[in-house]
Amino acid sequence: MTGNPIYEFALRMGDNCLILGQNVSAWCGHAPVLEEDIALANVALDLIGQTRMWLGFAGEVEGKGRNADDLAFLRDARAFRNCLLVEQPNGDFGQTLMRQFLFDAWHHPMLKALAGSANVRVAEVAEKSVKEAAYHLDRSTGLVIRLGDGSDESHNRMQAALDGLWRYTGELYATDAIDEAVIGRGFSAIEEQYKNYTSKIFDEATLTIPEATFMHKGGKSGLHSEALGAMLADMQILQRSHPGAQW
Amino acid sequence: MYAQEVKSTGKGVKSLDEMEPLERAFQEKVNADIKIEPKDRMPDGYRKTLIRQISQHAHSEIVGQLPEGNWITRAPTLERKAILIAKVQDEAGHGLYLYCAAETLGISRDQMTEQLLSGKAKYSSIFNYPTLTWADIGAIGWLVDGAAIMNQVPLQRCSFGPYSRAMIRVCKEESFHQRQGYDIMMKLCDGTQAQKEMAQDALDRWWWPSLMMFGPSDAQSVHSAQSMAWKIKQDTNDELRQKFVDQTVPQAKYLSLTVPDPDLKWNEEKGGHDFGEVDWAEFFEVVAGNGPCNADRMAARRKAWSDGAWFRDGLMAHAQKKQTRNVAAE
């Protein structure tokens, strides 16, 4: 940790994209219908593209000569700064979609706010990503509504997914000194937008936000769930077993 | 190749004089290179052959996502990961165009899916081999997509309009795929000793299965003649295989890799390479379902389909509810 809040912040944004993109990409060839294989690959591609921008920027800010690949493939789990939501396992397709929706509903307003950041580089990356995030949100919102208000089974699966994942949403908009150094007081507006938007959509989807309000945190400061270590072991295998090799 | 086991239904090729008037009119149209479109009159055998060929081709694209998809989560750099995702996505897209092209002949995508999952429809034998190392991703792009292009370039001139147009789009993407595969191989062959060994091992394992992609030798392929008369097929299996070997051998040499065939040598007289005999016994076993990954590939497709039933049903249920509400509101 360099103590530079911009570095830490760029890692948080980039690691969210990387870990979610990595999870989503594992569906390639296994989705419920061909159009979903194609759409999920698109989402994963966008997220990996955004990862390259954020982590590339983080490496520059850090100034130790590490590039996006070094940061992605050569850090241990405790050095990752993604929120807990994105590292939750794919589960069934309903869990994957709900995780995506809960992330997109935060990611899009966040990038919109960051596009106005005083830090030019942060603003640039956000500007490049925000259109993709708008498309992701549009898509995941539509599917959550249709499946929530679909058959009994699709409703039950989406409700179960929401019950399991809601507890990880508080961390998205919970702020600390690092976030505030970059985005200032913009976060309170994002929290409000997030809560309003998700409750409106869940209403339409006939889904109910769980009553228990305890929110899990830790990912943003490097304290993750068990799932992350296993995922990194898979993702990093070639770089770890062939140190210094070019690919 | 992607449709290597298509049995056309015609019983030998008739001359124009032997044909009924309608049949003759159709053949003359084909001979004049006029594209056959979905609503045109066509012989039943032509329709059936095309449905089989196009659906096999589509199934190959769909199953073909699996061996490469196996390395998406382990791709060694972010750029390689993005390229591989894009490539696998292209394959899903090719499957989609091809299913649509086959649908114009009067079969639904669900029926074709059913035929794949029940084992009634075939897909290319190549996808029943495992991807064991990262170099296999390079070898697939280089060899498998290279062989696919060899077959699909002539298919752009296929007599059936929708298939021909689908192939034009597919070929553009396939040539990009082949280049990315060769690029992976170049990087490995230029790398550490372990990477070079990985590259050689991948060539050793993928060479012969790639040659099998062109299907049985012409001598054993009794149905080629009718497909060629109908311009569904333009070159024989052996011609394409020869072309592939001649194109690929110098590429292997450039990588300083050794093609695993002791009988391979340049034949000045024929202006091409002589090469050893493919192990056809292995080929027929793989086609019959006994290859190293047939069971896994089919299990993965069946699981995706059955696990996804609630998703598809849920969307249908929502669409019906919406329709009912709209009617009630009117």
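Are Asp145(B) and Lys87(B) buried or exposed? I looked them up and found that both are buried (under 20% relative accessible area, with exposed meaning over 50% and partly exposed in between, for a 1.4 Å probe and protein chains only).

I note that this is a predicted model, in which local features need pLDDT of at least 70 and side-chain atom pairs count only at pLDDT 80 or more, while totals for chains, interfaces and linings use all residues. Residues are numbered from 1 along each chain as its sequence is written, chains are lettered from A and ligands numbered from 1 in the order in which they are written, and side-chain values use heavy atoms, leaving out hydrogens and water.

I then turned to salt bridges (a side-chain nitrogen of Lys or Arg within 4 Å of a carboxyl oxygen of Asp or Glu), and the structure holds 29 of them over all chains.

Asp145(B) and Lys87(B) form one, with their closest N and O atoms 2.8 Å apart.

Glu60(A) is exposed at 51% relative accessibility, whereas Arg121(A) is partly exposed at 30%.

My last entry concerns Lys321(B) and Asp149(A), whose salt bridge has its closest N and O atoms 3.0 Å apart and crosses between chains. Lys321(B) is partly exposed at 32%, but Asp149(A) is buried at 7%.

Methods:
Helices (H or I, at least four residues) and strands (E, at least two) are DSSP runs, numbered from the N terminus.
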